[in-house]
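User: Please take a close look at a single part of this structure and describe how that part sits among its surroundings.

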Amino acid sequence: MDQQSPADAARDLVRRVAAGRRQLLARAVGLHRSTNLHICDATAGLGRDAALMAALGARVDCFERHADVHAWLERFLTALPGDTRARIRLRHGDARELLGSGQWDVVYLDPMYTPSGKAALPRAHAQSLRAAVGSDHDADALLAPARAAARRRVVVKRAPRAPPLAGNSPMERMRGNSVRFDLYPPATAHDRIA
């Protein structure tokens, strides 16, 4: 599945953690201000972002619906340092259903990017993930349940020029060189009833 072994991916985490809480992902989810966050990574994929958030102090619930990816994630988690591994809980299933089972400070979505048609290919791990699971044709359907399950915000990882998820404009955008994070408010009580 991934060309990088779970143990190598865990070692790569050390480099990412060294960048600290000021990096874009940490700021987008709010870890630069508070490490005591409960985060749901509703589209866990290869678990790299979830592991980083846990290594920076958050408790992270990961959802993954594809059996092969879920099995890889289980091996990845065993390769993580014990304190990081203890803050991650992995569940197998569709996030659209699992999001109704709880509330989190932050719900994080990283749906598979739509191919841009540019000459440069994504990194090898992203290519292998796409080959294993295909595209996230139903990604737009995640935004409403994510907003209903979030207490503070929903963070959506996107390609820099990608359209917003479900066509909904975010309340804030945080841009990096190769990624953008769209921030959405939690659903209001009125939104949850409608």
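Analyst: Met 53 touches Leu 25, Val 29, Leu 31, Ile 39, Asp 41, Ala 58, Val 60 and Tyr 108, where contact means heavy atoms within 4.5 Å and residues up to four places away in sequence are not counted. The model is predicted: local features need pLDDT of at least 70 and side-chain atom pairs count only at pLDDT 80 or more, while totals for chains, interfaces and linings use all residues. Residues are numbered from 1 along each chain as its sequence is written, and side-chain values use heavy atoms, leaving out hydrogens and water.

Helix 3 is largely enclosed by the rest of the structure, because 7 of its 8 residues are buried. Buried means under 20% relative accessible area, exposed over 50%, and partly exposed in between, with a 1.4 Å probe and protein chains only. Helices (H or I, at least four residues) and strands (E, at least two) are DSSP runs, numbered from the N terminus. The buried residues of helix 3 are Arg 48, Asp 49, Ala 50, Ala 51, Leu 52, Met 53 and Ala 54. Just after helix 3, Gly 57 has a positive phi of about 115 degrees.

Met 53 is also among the residues with the most contacts inside the largest nonpolar core, together with Val 29, Leu 31, Ile 39, Val 60 and Phe 181. A nonpolar core is a set of buried Ala, Val, Leu, Ile, Met, Phe, Trp, Tyr and Cys residues joined through side-chain atoms within 4.5 Å. Apart from it lies another core of 19 residues, among them Cys 40, Ala 42, Ala 95 and Leu 109.
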